[in-house]
Amino acid sequence: RRAAIAAVRKLDPRALGRNPVILLTELGAVVVGVDALAGLPAGRTTGFEIQLALWLWFTVIFANFAEALAEGRGKAQADALKRTRARIFARRCSEGGEQRVAATDLRPGDRVICESGDVIPADGEVIEGIASVDESAVTGESAPVVRESGGDRSAVTGGTRVLSDRIVVRVTVEPGGGFLDRMIGLVEGAARQRTPNEIALGIVLLAMTLVFLGVVATLPFFARYAGMLAGETGAAGLSLPVLVALLVCLIPTTIGGLLSAIGISGIDRLVRRNVIATSGRAVEAAGDIDVLLLDKTGTITLGNRQATA
């Protein structure tokens, strides 16, 4: 439903300016639609013109919908992370004892109590106690780690879970600067970068579109030169709807319509597997990977050295 609404919003020519192929298709749909509506009172509108207008609008909306659907799935991952962050509450230490507050209300210097089963609400430092912490959501390591006050094992990350014992954590980051916030920013910003291959292909598509636009624009002049004037044989083949249909068939409409959706869906496929791609170039590199070497056995095991895949 959200993608359908976004597909209609993307009909704005300013939004289609970065995709000249689909923009030209939309202009053709407008021209054919206006011509068909203008011919209705006089009865000169044919079923061909009506079908052509519908197919052109369907092509534009389908291209927008494919892109909006891919974008929406990527944004849904970021929304899920935001909801996760919003559902985290903290037991903040106060003069009167403990106070239950949302994790987003914590400020640097606040002290929070985390016990077994609690999710650490923000990035910070352990100042009291020792506990076993599950950091698999951050590092991928399934085996729990020990976090204690003092030394080099006192840092904890928001979003990880305490498995045992009790610790007191002093918050060290401002709101919006924690690990979950940075991960949300990576997911949201990943879809806004174009790869060199995508840019090069866009230039090729634009060049082909301009070439075929020139070809179709000159056809009436060649037809007139050849004697195919109005009322003579072959004149019906050079009507405005036919020229628009020919242009849309010649230009690389399918590639132009799916180009951006392909890149975004590639990022989405990685996100669904808990891999964050910071750029489109990373997605292209991931497509060429045959062998993946990992330096942590716990990343691909259950903690008992049994591979999951």
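Which residues is Phe-48 in contact with, leaving aside its neighbours within four places in sequence? I started my notebook with that one, and the list is Pro-241, Val-242 and Ala-245. I take contact as heavy atoms within 4.5 Å.

**Ground rules.** I am working with a predicted model, where local features need pLDDT of at least 70, side-chain atom pairs count only at pLDDT 80 or more, and totals for chains, interfaces and linings use all residues. Residues are numbered from 1 along each chain as its sequence is written, and side-chain values use heavy atoms, with hydrogens and water left out.

**More on Phe-48.** I found Phe-48 in helix α4, residues 47–87. Helices here are DSSP runs (H or I, at least four residues), as are strands (E, at least two), numbered from the N terminus. My cut-offs: buried is under 20% relative accessible area, exposed is over 50%, and partly exposed is in between (1.4 Å probe, protein chains only).

**The chain as a whole.** I counted 10 helices and 7 strands. Of the 309 residues, 35% are buried. Among contacts with a separation of 6 or more, 68% join residues 24 or more positions apart. The accessible surface comes to about 18,100 Å², and 60% of that belongs to carbon and sulfur atoms. Those areas come from the Shrake-Rupley method with a 1.4 Å probe; for residues, only the protein chains shown count as cover.

**Helix α3 against α7.** Next I looked up how some helices pack. Two packed helices are described by the angle between their axes and the distance between the axes. I use axes fitted as lines to C-alpha atoms, for helices over the stretch in contact, and angles from 0 to 180 degrees between N-to-C directions. For α3 (residues 20–39) and α7 (residues 196–225), I have an angle of about 35 degrees and axes 9 Å apart. Pro-20, Val-21 and Leu-24 of α3 touch Leu-205, Leu-206, Thr-209 and Leu-213 of α7. That makes 6 nonpolar, 1 polar and no charged residues. In this tally Ala, Val, Leu, Ile, Met, Phe, Trp, Tyr, Cys and Pro are nonpolar, Asp, Glu, Lys and Arg are charged, and the others, Gly among them, are polar.

**Helix α3 against α8.** The angle between α3 and α8 (residues 240–250) is about 160 degrees, with axes 10 Å apart. From α3 come Leu-24, Thr-25, Gly-28, Val-31, Val-32 and Asp-35, and from α8 come Leu-240, Pro-241, Val-244, Leu-247 and Val-248. I sorted them into 8 nonpolar, 2 polar and 1 charged.

**Thr-25.** Leaving aside neighbours within four places in sequence, Thr-25 is in contact with Leu-56, Thr-59, Val-60, Val-248, Ile-251 and Thr-253.

**Helix α7 against α8.** Last entry: α7 and α8 pack at about 155 degrees, with axes 9 Å apart, and so are roughly antiparallel. Phe-212, Leu-213, Val-216, Leu-219 and Pro-220 in α7 meet Leu-243, Leu-246, Leu-247 and Leu-250 in α8. I noted 9 nonpolar residues in this contact, with no polar and no charged ones.

Key. Parallel < 35°, antiparallel > 145°, perpendicular 65-115°, else oblique.
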